Amino acid sequence: MKLLTEELRARLPALYSQEAEAGPVVYAKFFLPGTDWTWYVTEGSQQENDFLFFGFVVGLKSEFGYFLLSELESVRTQLGLSVERDVAFREGRLTDVLPAPEL
């Protein structure tokens with residue numbers, strides 16, 4: 001599955017464009033099946049031969065952070081599963097799309 005489609009690339013605001021927003025808009029959700037890892041994408045920009053995202057990451061702990069497309073594409077579980085884009089996800093404010101206990 002392609003994580004960064006042309007449509008998503010065109011819709012994502014550039015890095016730092018939502019940093020003053022109390023409730024930034026989330027444009028995509030990536031997840032690693034069989035784990036608790038989820039990436040809620042709020043911004044992104046091309047970085048040389050890669051794409052740098054910013055968003056809210058739920059994993060060992062929950063925090064805002066940067067993550068590269070190449071990193072997401074290289075992650076595999078012990079069963080060989082890879083990061084997927086939630087195709088049913090609908091964009092919205094972080095406070096609306098994130099499960100309440102994660103905030």
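Ser 45 is buried, with a relative accessible area of 16% (buried means under 20%, exposed over 50%, partly exposed in between, using a 1.4 Å probe and protein chains only). This is a predicted model, where local features need pLDDT of at least 70, side-chain atom pairs count only at pLDDT 80 or more, and totals for chains, interfaces and linings use all residues. Residues are numbered from 1 along each chain as its sequence is written, and side-chain values use heavy atoms, with hydrogens and water left out.

You will find Ser 45 in strand E3; helices (H or I, at least four residues) and strands (E, at least two) are DSSP runs numbered from the N terminus. Leaving out residues up to four places away in sequence, Ser 45 touches Ala 14, Leu 15, Phe 51 and Leu 52, contact being heavy atoms within 4.5 Å. A polar atom of the Ser 45 side chain lies 3.1 Å from the backbone nitrogen of Leu 15.

Of its 18 residues, Phe 30, Trp 39, Phe 53, Phe 67 and Leu 72 touch the most other members. Strands E2 (28-31), E3 (38-47) and E4 (50-58) and helix H2 (69-74) each supply at least two residues, with E4 giving the most, three. A second, separate core of seven residues includes Tyr 40 and Phe 89.

Glu 48 is exposed, at 77% relative accessible area, and has a positive phi near 55°. Most residues other than glycine have a negative phi.

Terms used
Core = buried A, V, L, I, M, F, W, Y, C linked by side-chain atoms within 4.5 Å. Polar contact = N/O pair within 3.5 Å; in protein donor to acceptor, adjacent residues only side chain to side chain.
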